[in-house]
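Subject: Structure handover

Hello,

Here is the structure we discussed. Please open it alongside the notes that follow.

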Amino acid sequence: LFFQVSPGGGSPFKNRPGSLYLDSVVLVVKHLFTSGDTLTPQTIRVSEIDPSNAFSSDSSYRANRLFSTSNVLGSKTIIPSAFSDSFYVINNSGDTASTKGVHQLRIKLNNSFGERLLAYDSTGINNAYSSDSLFRLKFKGFALESIGGGNGLMGFDLINTELQVYYRYNNATTSSDIDTSVALFSFYQSDFGNASANYISRNYDGTQVLAGVGDQIQDPIIYMQNSPGTFTNIRIPGLAGLPNCVVHLAELQAQSIYDVSDTIFAAPPNVFVDVYDSAAA
């Protein structure tokens, strides 16, 4: 999962660089669902999208488009079923009344990344906060990847996803006083143009699919999987030679073959069918 966040215009911090002190930086991603295995732990790694990538909200990306990454910012091992459990984030005063959370993937990121955000300014060579486009030049976005364990497909909601930077700062009126706060970097779907994309990799090694593709041999069974996946060509001799006529009914019937995984993964609601003339291709 690739996506960007933005400070929302202007500096998200309550003082200038040099007067800010990092406590922690946390990426919070809203969990929606898990299909398949919900009990086996999975490790989720957070990396930084390499600045060399062209990654923009005005473009759509195929599910097989992979963006290169650079710095690993953090990781966390989770059990998908635990997302439905409530938890509390305790602040410095010990108050938990307004910090209850549920269905959240919270990954603590490296302090060096948080210090980097604190060092950005809205002027000069470190200017990243005078506009969201400048911020994206400094930070291209996040890449979330499941790197081990489990066989569950997790869905996340980017609209309720944000980067939280917990910090202390010198009080603007009384510099000897230290106050605490949190700065939020959110995913904006339209106003500030944050990009997002999903990458899905299919591995068919050792499967029946791999044994039946890429040849001209007629197969008794066809395998179809949504993109990026598989498709099949069905040849119907004689269609090209039909006379000028009215066809009252034409049906192509296919029966699915039961597999135990059908109790976990539902059948697709529809299938896309296209037609082509091999002689004219």
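A strand here is a DSSP run of E with at least two residues, numbered from the N terminus. By that count, Asn 170 sits in strand S9. Please keep in mind that this is a predicted model.

The sheet

Four strands form an open sheet in the order S7-S2-S9-S10, and their pairing is antiparallel. S7 (104-108) and S10 (178-186) are the edge strands; each has a single partner, so one side of each lacks a neighbour in the sheet. From one strand to the next, the twist averages 25 degrees. S9 (residues 152-170) pairs with S10 over 9 bridges, in the antiparallel sense. Helix H1 (residues 111-119) lies across S2 (20-36), S7, S9 and S10. H1 runs at about 115 degrees to S2.

Two buried residues

Asn 170 has 15% relative accessibility. Buried means under 20%, so Asn 170 counts as buried. Beyond its neighbours within four places in sequence, Asn 170 contacts Asn 15, Ser 19, Tyr 21, Ser 175, Asp 177 and Ile 178.

Ser 24 belongs to strand S2. Ser 24 is buried too, with a relative accessible area of 15%. Leaving out residues up to four places away in sequence, Ser 24 touches Lys 108, Asn 111, Gln 164, Val 165 and Tyr 166. Ser 24 and Val 182 are 158 residues apart in sequence, yet their C-alpha atoms are 9.5 Å apart in space.

Salt bridges

How many salt bridges does a search of the whole structure find? It finds 3.

- Asp 23 and Arg 168 meet at 2.8 Å, N to O. Asp 23 is in S2 and Arg 168 in S9, so the pair ties together parts 145 residues apart in sequence. Asp 23 is partly exposed at 34%, and Arg 168 is partly exposed at 31%.
- Glu 145 bridges to Arg 45, with the closest N and O atoms 3.1 Å apart. Glu 145 is partly exposed at 41%, and Arg 45 is partly exposed at 27%.
- Glu 48 and Arg 116 meet at 2.8 Å, N to O. Glu 48 lies in S3 and Arg 116 in H1, so the pair ties together parts 68 residues apart in sequence. Glu 48 is buried at 3%, whereas Arg 116 is partly exposed at 23%.

Best regards

Key. Residues numbered from 1 in each chain as written. Predicted model: local features only at pLDDT ≥ 70, side-chain atom pairs only at ≥ 80, totals over all residues. Heavy atoms only, no water. Pairing = 2+ DSSP bridges. Axes fitted to C-alpha atoms, helices over the stretch in contact; angles between N-to-C directions. Contact = heavy atoms within 4.5 Å. Buried < 20%, exposed > 50% of the residue type's maximum accessible area, 1.4 Å probe, protein only. Salt bridge = Lys/Arg side-chain N within 4 Å of Asp/Glu carboxyl O.
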